[in-house]
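This report is meant for a reader who is meeting the structure for the first time. Please keep the sequence and the 3D view at hand while reading.

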Amino acid sequence: MPTERAVHVVDDDADVRRSLERLLLSAGLTPVLYESGAAFLGRASELSQGCVLLDVRMPGTGGLDLQARLDDLGVRLPVIVMTAHGDVPTAVRAMKAGAVDFIEKPFDDERLLVAIEA
């Protein structure tokens with residue numbers, strides 16, 4: 001698997017994960033899907049390449065808490081935060097924590113792919 005083209009998708013919504021999987025595959029990227037923050041954290045320390053597409057609102061460990069945990073673990077993958085419930089304070093918090101982009105759902109496929117490629 002070409003890990004430098006990996007996009008680690010962390011979202012509790014199975015439909016969103018499937019949709020993103022199809023989009024990423026069509027763009028020549030390698031989607032790696034996780035249904036929860038805990039599932040992703042179980043592998044995070046092994047990851048050195050790719051980027052993370054992270055949902056804000058999830059049961060258990062939410063996206064912004066997960067982003068902080070990644071920093072604590074020394075995982076330095078670029079993070080793109082996505083949410084259906086975006087507001088300025090959430091976007092500011094994500095960006096201050098090091099997110100490279102903040103995208104609201106439903107997102108434009110092209111905008112998302114540009115953010116991932118960046």
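## Terms and basis

A residue is called buried when its relative accessible area is under 20%, exposed when that area is over 50%, and partly exposed in between, as computed with a 1.4 Å probe on protein chains only. Helices (H or I, at least four residues) and strands (E, at least two) are DSSP runs, numbered from the N terminus.

The model is predicted, and for that reason local features need pLDDT of at least 70 and side-chain atom pairs count only at pLDDT 80 or more, while totals for chains, interfaces and linings use all residues. Residues are numbered from 1 along each chain as its sequence is written, and side-chain values use heavy atoms, with hydrogens and water left out.

## Helix α4

In helix α4, which spans residues 88-96, the buried residues are T90, A91 and A94.

## Helix α5

Helix α5 covers residues 109-117, and its buried residues are L112, L113, A115 and I116. Their arc around the axis is only 160°, which puts them on the same side of α5. These buried residues pack against β1 (6-10), α1 (14-26), β3 (51-55), β4 (79-83) and β5 (101-104).

At the N-terminal end, α5 is capped by D108, a side-chain oxygen of which lies 3.2 Å from the backbone nitrogen of E110. E110 itself is found in α5 and is exposed, with a relative accessible area of 51%.

## Strands β1 and β2

Strand β2, made of residues 30-34, is mostly covered, since four of its five residues are buried. It runs parallel to β1, to which five bridges join it, and the partner of H8 in β2 is V32. Two strands pair if DSSP finds at least two bridges between them.

The chain crosses from β1 through α1 to β2 in a right-handed β-α-β crossover, a term used when, with the strands pointing away from the viewer, the path from the first strand over the helix to the second runs clockwise.

## Single residues

D11 lies in the loop between β1 and α1 and counts as buried, at 0% relative accessibility. A polar atom of the D11 side chain lies 2.8 Å from the backbone nitrogen of D13. Leaving aside neighbours within four places in sequence, D11 is in contact (heavy atoms within 4.5 Å) with residues including Y34, D55 and K105.

V79, in strand β4, is buried as well, with a relative accessible area of 5%.

Note on methods
Arc of directions from axis to C-beta. Polar contact = N/O pair within 3.5 Å; in protein donor to acceptor, adjacent residues only side chain to side chain.
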